[in-house]
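Subject: Structure handover

Hello,

Please find the structure below. My notes on what was found in it follow.

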Amino acid sequence: MKPMSLRFIQIFMIFKIALIVIFCILFGLFFIEAGDSWESFKSGALNSALGIEPDEYDARNFGRMVGYNLLPFVFSLWTLSAMNNRKYKSLVLSLVLHFLLSLQNPFYLLLSLVMLVLSFTYKVRSYMTDRGGNPLMNAR
């Protein structure tokens, strides 16, 4: 059974991946022209995110917004993979990289720091390094 701290890290990573996918879909929807309320939302979102008007939004800006979220997406998948395969060093390295990527955002910085501290607990380390189960299957 996974320790609660690993479950917290896993839930946060799944939430982060879902948020990145929703943002990428939203960035793609900015190409669509619709009613007044959508145009008002699009104008406010693009002005606050990029400082541009909706008619200036093009593929270059779309690529920049999606590319900005590409590394956190890859590192989140790497973290989940390290947890599922019980690779402790990969887990810690991916969480350190999450911490370094989140230096510009104080909220993500705090969550990354909490996840990094949780990964150093004894229960997580013993769970990740202990193979358990059949000793013949785990001999390497």
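**The salt bridge**

Glu39 and Lys42 form a salt bridge, with their closest N and O atoms 3.5 Å apart. The term stands for a side-chain nitrogen of Lys or Arg within 4 Å of a carboxyl oxygen of Asp or Glu. Side chains of opposite charge can pair when their charged atoms come close. The structure holds 1 salt bridge. Because Glu39 and Lys42 are 3 residues apart in helix 2 (residues 36–49), about one helical turn separates them. Helices here are DSSP runs (H or I, at least four residues), numbered from the N terminus.

The two partners can also be described by relative accessible area: buried is under 20%, exposed is over 50%, and partly exposed is in between (1.4 Å probe, protein chains only). Glu39 has 24% relative accessibility, so Glu39 counts as partly exposed. Lys42 is buried, at 3%.

**Basis of the model**

This is a predicted model, in which local features need pLDDT of at least 70 and side-chain atom pairs count only at pLDDT 80 or more, while totals for chains, interfaces and linings use all residues. Residues are numbered from 1 along each chain as its sequence is written, and side-chain values use heavy atoms, with hydrogens and water left out.

The pLDDT is the predictor's confidence in each residue, from 0 to 100. Its average over the chain is 84, and 93% of the residues score at least 70.

**Helix 1**

Helix 1 has 26 residues, which at 1.5 Å a residue should span 38 Å; its end C-alpha atoms are 37 Å apart, which agrees. The expected span is 1.5 Å times one less than the number of residues.

Buried residues of helix 1 include Leu6, Ile9, Phe12, Met13 and Phe27. Their cover includes helix 3 (59–68), helix 4, helix 5 (88–101), helix 6 (106–119) and helix 7.

Ser5 is also in helix 1. With 13% relative accessibility, Ser5 counts as buried. Apart from neighbours within four places in sequence, Ser5 is in contact (heavy atoms within 4.5 Å) with Leu118, Thr121 and Val124.

**A nonpolar patch**

Val21, Ile25, Leu29 and Ile32 make a nonpolar surface patch of about 320 Å². Patches are made of residues with over 30% relative accessible area and no salt bridge; like charges are joined within 9 Å, and nonpolar side chains (Val, Leu, Ile, Met, Phe, Trp, Tyr) within 5 Å. Areas come from the Shrake-Rupley method with a 1.4 Å probe, and for residues only the protein chains shown count as cover. Ile32 lies in the loop between helix 1 (4–29) and helix 2, and Ile32 is partly exposed at 45%.

**Other residues to look at**

Asn84 is in helix 4 (residues 70–84) and counts as exposed, at 52% relative accessibility. Not counting residues up to four places away in sequence, Asn84 touches Lys2 and Gln10.

Arg86 is in the loop between helix 4 and helix 5. Its phi is near 55 degrees, a positive value in a residue other than glycine. At 23% relative accessibility, Arg86 counts as partly exposed.

Asp130 is in the segment after helix 7 (122–129), and Asp130 is partly exposed at 48% relative accessibility. Asp130 and Phe31 are 99 residues apart along the chain, and 50 Å separates their C-alpha atoms.

Regards

Methods
Helices (H or I, at least four residues) and strands (E, at least two) are DSSP runs, numbered from the N terminus.
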